Amino acid sequence: MGCDRNCGLITGAVIGAVLAVFGGILMPVGDMLIQKTIKKEVVLEEGTTAFKNWVKTGTEIYRQFWIFDVQNPQEVMMNSSNIQVKQRGPYTYRVRFLAKENITQDPKDNTISFLQPNGAIFEPSLSVGTEADNFTVLNLAVAYNNTADGVYKVFNGKDSISKVAIIDTYKGKRNLSYWESYCDMVNGTDAASFPPFVEKSQVLQFFSSDICRSIYAVFESDVNLKGIPVYRFVLPSKAFASPVQNPDNHCFCTEKIISKNCTSYGVLDISKCKEGKPVYISLPHFLYASPDVSETTDGLNPNEEEHRTYLDIEPITGFTLQFAKRLQVNLLVKPSNKIQVLKRLKRNYIVPILWLNETGTIGDEKAKMFRSQVTGKINLLGLIEMILLSVGVVMFVAFMISYCACRSKPIK
């Protein structure tokens, strides 16, 4: 009888040990299976999940405009007064609803090239007025429909998943010809996705043709997006700092007068990118800009919640599931004897024209599918691993303690 009892306890301990070992083995094996599946599905080729969503996004993307309406144009022209602005908006357009065109795979270097056509549909229900509303602003023609961005050539990830979606060339070049040194390079992806298995410590680089440069985002916080754990990456203020504050930005300073010998910050002169037009890009309401930039303009109220740019990235796949891209278009206005309305100006102005907020969030149906096919399976596998390991360890310890206790007692 004592033998039967001891044998039963040993058997229980062995079963517990097997369960614990199996749970422990399942961890690396499960991770390996997940990685294999993810690596297969994020490659940009026909038949993969990534390719289907890459060709034409299923997410509705909106671009909202706020126009800066100048309240005192005569005072500015006659007395060189501060410009008083009042923002009016939003005026909302649905964008990025057109599929990529001229998609061409190149098996030699594992890249895929494409053209991204632009289109915009006005959304009256999401706007405060109509497209016929009048404003007092400087003339800035913003044509969007019937244009296209590219050609882009990106790595498809077939040879190395760590390069998937990273831009190889833009318009046939690896450089932009707008900036000096490394500032001129086309870096990273287009921010719609990144290589999978994103770490919080990473600096995510991406290129934006809207601002004519590559830029980067850093991790800020964990976010739960419709039941999907995502990492929120934000554009840091350091990215807009002057060369004095951040020496890496020295090649983005292209002139010495307006920038006050490269000490001003928060605005970017992109005139070389805009056929010589004096266009300056900033964050809305001159967020993160030096005080001298906005000292000639009244009526601005910058705040991070409304005016910063962020990306919510699902770390396993590298897909951007939610984003808000915010930027402001400004014009440099200087005194000029050749232009009547500018003859009496006594100082330079960086005049805010409009700011935009381009947003996209994964839809409810797609989020449900993503949870079931990606995060749900991963969570279930993790749960099974932990249950097997925990139950196995508890069984092994409990039966071994019982066995040792029984062994120490004399059998009557």
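**View 1. Pro90 sits in strand β2, which covers residues 83–95.** Strands here are DSSP runs of E with at least two residues, and helices are runs of H or I with at least four residues, both numbered from the N terminus. Pro90 is joined to Gly89 by a cis peptide bond, with omega at about 10 degrees. Please keep in mind that this is a predicted model, in which local features need pLDDT of at least 70, side-chain atom pairs count only at pLDDT 80 or more, and totals for chains, interfaces and linings use all residues. Residues are numbered from 1 along each chain as its sequence is written, and side-chain values use heavy atoms, with hydrogens and water left out.

**View 2. Strand β2 pairs with β1, β5 and β13.** Two strands count as paired if DSSP finds at least two bridges between them. With β1 (residues 61–70), the pairing of β2 is antiparallel and runs over 9 bridges; here Phe65 stands opposite Tyr91 of β2. With β5 (residues 120–122), β2 pairs in the antiparallel sense over 3 bridges, and Val95 has Ala120 of β5 as its bridge partner. The pairing of β2 with β13 (residues 297–298) is parallel, over 2 bridges; look for Ile83 opposite Thr297 of β13.

**View 3. Four strands form an open sheet in the order β3-β4-β6-β7.** The pairing in this sheet is antiparallel. Its edge strands are β3 (101–106) and β7 (167–170), each of which pairs on one side only. From one strand to the next, the twist averages 20 degrees; axes are lines fitted to C-alpha atoms, for helices over the stretch in contact, and angles run from 0 to 180 degrees between N-to-C directions. Zooming in on one pair, β3 and β4 (residues 111–117) are antiparallel over 4 bridges, and Glu101 has Leu115 of β4 as its bridge partner.

**View 4. A cis peptide bond leads from Gly150 to Val151.** Omega of this bond is near 20 degrees. Val151 belongs to strand β6, residues 148–155.

View 5. You will find Ser80 in the loop between α3 (73–79) and β2, and Ser177 in the loop between β7 and β8 (203–208). Ser80 counts as buried because its relative accessibility is 8%, whereas Ser177, at 54%, counts as exposed. In these legends, buried means under 20% relative accessible area, exposed means over 50%, and partly exposed lies in between (1.4 Å probe, protein chains only).

**View 6. Leu44 is a buried residue in the loop between α1 (2–41) and α2 (49–55).** Its relative accessible area is 4%. Leaving aside neighbours within four places in sequence, the contacts of Leu44 (heavy atoms within 4.5 Å) include Ala50, Phe51, Trp54, Gln105, Ile112, Val154 and Phe155. Leu44 and Trp54 are 10 residues apart in sequence, with 7.8 Å between their C-alpha atoms.

**View 7. The largest nonpolar core has 91 residues.** A nonpolar core is a set of buried Ala, Val, Leu, Ile, Met, Phe, Trp, Tyr and Cys residues joined through side-chain atoms within 4.5 Å. The residues with the most contacts inside this core are Trp54, Val154, Phe206, Ile270, Leu311 and Leu321. The core lies between domain 1 (1–56 + 367–411) and domain 2 (59–362), because both give residues to it; these bounds come from an automatic or database domain assignment.

**View 8. Gly363 lies in the loop between β16 (349–361) and α6 (364–408).** Gly363 is partly exposed, with a relative accessible area of 28%. The C-alpha atoms of Gly363 and Leu321 are separated by 9.1 Å, although the two residues are 42 apart along the chain.

**View 9. Zooming out, the chain has 6 helices and 16 strands.** Of its 412 residues, 47% are buried. Among contacts between residues at least 6 apart in sequence, 64% join residues at least 24 apart.
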